[in-house]
Amino acid sequence: MNQLISEKADNLTGRIKVPGDKSISHRALIMATMAIGQSRISGLLEGEDVLNTARAMTAMGADISKAENGDWLVHGVGIGGLCQPDMPLDMGNSGTGARLIMGLVSTYPHETSFIGDGSLSSRPMRRVTNPLEKFGAEFHGARGMTLPLTVSGIMDPLPIEYEVPVASAQVKSAILLAALNTPGKTTVIEPVPTRNHTERMFKHFGVDIEINGTAITVTGHPELGPRDMLVPSDPSSAAFPVIAALITPGSDITIENVGMNPSRTGIYTTLREMGADITFVNERLECGESVADIRVRYSTLKGITVPQSRAPSMIDEYPVLCIAASFASGETVMGGLGELRVKESDRIAVMVKGLQACGVTVLEYDDGMTVTGATTIPGGATVKTHLDHRIAMSFLILGLRADNSVTVDDGTVIETSFPGFQRIMNGLGANIGGKSL
Ligand code: S3P
């Protein structure tokens, strides 16, 4: 374990890049494996979650290497071409990697086992195994369908029509990936739209995909050729320096080349409603995804009620939004967030506990929390991260503005999504230091 300590900072200034989008990076590696020939990926997130997906694709036959210029080259095997892995696939901390790849392998006549860390091993998998069973696959998981879990895939899968009961891009994507090696048309219907990177990537690779409102239909067994892909910087990772700048007086920073897919930008809409000075500069389209540079200046924030309908477009940003809310005037009400309890940690319980330890007034309820802001926050606590990268980064951002330093018990988890976090933040003027335990 590696404790990290964040101390009060003066203004944050400068231009930075944050690492590549985690969701797009997983999908880029998987879809390049589904193509025959060599795809090139620029800007891939080299975080642990994505590297585990790369290892899983390699174990099933892809040839993946890094070119001298930093691009990743993936020699794919094509749909139907995966081989059965010799060893369990270790997905580490990654729910996205585990669930997407479970979908992918469920329509192959293979036995594929999945293992992960303590966090991933406690996350619910029935949400993906239920629809995947309808293709004909079978699943054997620990305690009520958690990892370690083995998929007995099906040789002759049947196409399905499935209404997803939870708002989950991971469930939707698992079904769409299972549909690739299934003859005929598979339809998945979402309760509300969630991030649509899989659909966009399918289009980029030439998969026959129709979208009618919240119904998505894919025709199986396409033959896919290789593609070049450019992964934009992750808007979820960008949210950490954005909120750091918003709460630190005198700050003015720019984050380059951030993904602006509307299914991901709810946090920016919310922060603007709170009074944040955020401008999008040089908006453009790159490989089917919109990107922009984000300029952020210190702002006086006010609390709002975040519309529940916005949750899918900012589901990963509530922990760090709580930090912005801690310095906003009045109450910030965040509801409709039952899903936060089954992320890398129970993010409602863990945030509430950590905020209270730092002297923030916060109220917890089943599906959300209300944070009451203040002009000064005592800080001075050591917060348990529970193997959750976003909890670790959120409390390090709080430490930049709290009266006393804030410590997180384990900073190593940040590697899953934001390698270089400490260096990049300190380059802006933050004061985040480390201590090994
Ligand atoms: C993701 C979807 C979201 C999100 C996760 C990444 C994806 O999870 O929280 O970090 O890449 O599909 P759910 O789909 O379970 O909400």
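The model is predicted, and local features need pLDDT of at least 70, side-chain atom pairs count only at pLDDT 80 or more, while totals for chains, interfaces and linings use all residues. Residues are numbered from 1 along each chain as its sequence is written, and side-chain values use heavy atoms, with hydrogens and water left out.

Rolling a probe the size of a water molecule over the atoms shows where empty space is left. On a 1 Å grid over the protein atoms alone, a pocket is an open set of points where a 1.4 Å probe fits, with protein on both sides within 12 Å along at least five of seven lines, and its lining residues have an atom within 4 Å of a point. The largest pocket has a volume of about 530 Å³, a volume being the space filled by probe spheres set on the points, which are joined across faces, edges and corners. Its lining consists of 32 residues, and Ala167, Ser168, Ile315, Glu339 and Lys343 are those nearest the centre of the largest pocket. At least three residues of this lining come from each of domain 1 (2–20 + 232–436) and domain 2 (22–230), with bounds taken from an automatic or database domain assignment.

The second largest pocket, with a volume of about 330 Å³, is lined by 19 residues, and nearest its centre lie Val18, Pro19, Gly20, Gly43 and Leu44. Because domain 1 and domain 2 both give residues to its lining, the second largest pocket lies between them.

Which residues are around the ligand? Among them are Lys22, Ser23, Arg27, Ala167, Ser168, Ile315, Asp316 and Lys343, where a residue counts as near if one of its heavy atoms lies within 4 Å of the molecule. Oxygen atoms of the ligand lie 2.7 Å from a polar side-chain atom of Ser23, 3.1 Å from an N or O atom in the side chain of Ser168, and 2.7 Å from an N or O atom in the side chain of Asp316. Taken alone the ligand exposes 380 Å², of which the protein buries 95%, as computed by the Shrake-Rupley method with a 1.4 Å probe.

Most residues other than glycine have a negative phi, and most peptide bonds are trans. The peptide bond from Leu147 to Pro148, however, is cis, with omega near -5 degrees, and Pro148 is found in strand β9 (residues 146–152). His386, although not a glycine, has a positive phi of about 50 degrees, and His386 lies in the loop between β22 (382–383) and α11 (389–399); here helices (H or I, at least four residues) and strands (E, at least two) are DSSP runs, numbered from the N terminus.

Key
A polar contact is a pair of N or O atoms within 3.5 Å; within protein, one must be able to donate a hydrogen and the other to accept it, and residues adjacent in sequence count only if both atoms are side-chain atoms.
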